[in-house]
Amino acid sequence: ESSLQVWNFGNMQSLGAPFELYGEKVWAVAFSPDGSLIASGYIDGMICVCDARTGKLEGEPLRGQMHQVETLAFSPCGDVIASGDIYGEVRLWNVRPFSSKGTFRHGKEVTSLAFSYDGHLLYSASDDSTVCCWDVTSGKQKGNRIATGGSPILDMSISSDGTRLFIGSKDGIMRVLDTEFAEWKADTTICGSGLFGPNRVPLEIEDDGWLQGPDNGLLLWIPE
């Protein structure tokens, strides 16, 4: 589908007519932190940014990603967009004015991107089951590539304080990474037979919906 449709999450009703920005298939979408902009990535590598209310294009389409855009992310301040493609290239784009900012190389297909809470670091996850950390200013990789256990990563999200990465993989396991020390804090299966911590020790969801790690730290909240 080549159009974008905005929905009201509360009542699941569509908000206005779909936005037709570009003729190719949409493969990735991201809202800016303030909700005013939508970035969309396409099967041919094109990226468009539009006003979330009107659908009007903001500037010219961003050209440079040569292959299918798999994932998009805005920095916390909304001044940078990161895009990842099917062949492992990660690009950074300045917002207003729009321009190319830099290029990283993860390796295989980039499936998810997440900025640190201050926007100084960018994490990229890949189909090869690894996570990389990049310095947004210098463009250099920080530390070693981190292996997550052999299964392709499908999605990734960072905690609001930037201390933990939550990584969902094709094997049905959600892994939690301590970003400061690059240590795994939990290995939690959210599909199948239950929740497990390191060494497959069962974890329990508290009555208030919080899942705690082995050190009694709060990992995530699971609503009823």
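**Side-chain pairs in a predicted model**

At 35% relative accessibility, Asp171 counts as partly exposed. Asp171 belongs to one of the four salt bridges counted in this structure, which is a predicted model. Two aromatic pairs are counted as well.

**Salt bridges**

- Asp171 pairs with Arg175, and their closest N and O atoms are 3.0 Å apart.
- Arg175 has a relative accessible area of 7%, so this residue is buried, whereas Asp171 is partly exposed.
- Another salt bridge joins Glu89 to Arg91, with 3.0 Å between the closest N and O atoms.
- Glu89 and Arg91 are both buried.
- Glu58 and Arg96 also form a salt bridge, at 3.3 Å from N to O.
- This pair connects distant parts of the chain, 38 residues apart: Glu58 sits in the loop between strand S7 (47-51) and strand S8 (69-74), and Arg96 in the loop between strand S10 (89-94) and strand S11 (99-105).

**Aromatic pairs**

- Tyr22 and Tyr42 are arranged edge-to-face, with 5.0 Å centre to centre and 75° between the planes.
- Tyr22 is in the loop between strand S4 (19-20) and strand S5 (26-31), while Tyr42 is in strand S6 (residues 37-42), so the pair ties together parts that are 20 residues apart in sequence.
- Tyr22 is partly exposed, at 23% relative accessible area, whereas Tyr42 is buried, at 0%.
- Phe104 and Trp134 form a stacked pair, with 4.8 Å centre to centre and 5° between the planes.
- Phe104 lies in strand S11 and Trp134 in strand S14 (residues 130-135), which links distant parts of the chain 30 residues apart.
- Both Phe104 and Trp134 are buried.

Notes. Residues numbered from 1 in each chain as written. Predicted model: local features only at pLDDT ≥ 70, side-chain atom pairs only at ≥ 80, totals over all residues. Heavy atoms only, no water. Salt bridge = Lys/Arg side-chain N within 4 Å of Asp/Glu carboxyl O. Helix = DSSP H or I, 4+ residues; strand = E, 2+ residues; numbered from the N terminus. Buried < 20%, exposed > 50% of the residue type's maximum accessible area, 1.4 Å probe, protein only. Phe/Tyr/Trp six-rings, centres within 6.5 Å; stacked < 30°, edge-to-face > 60°.
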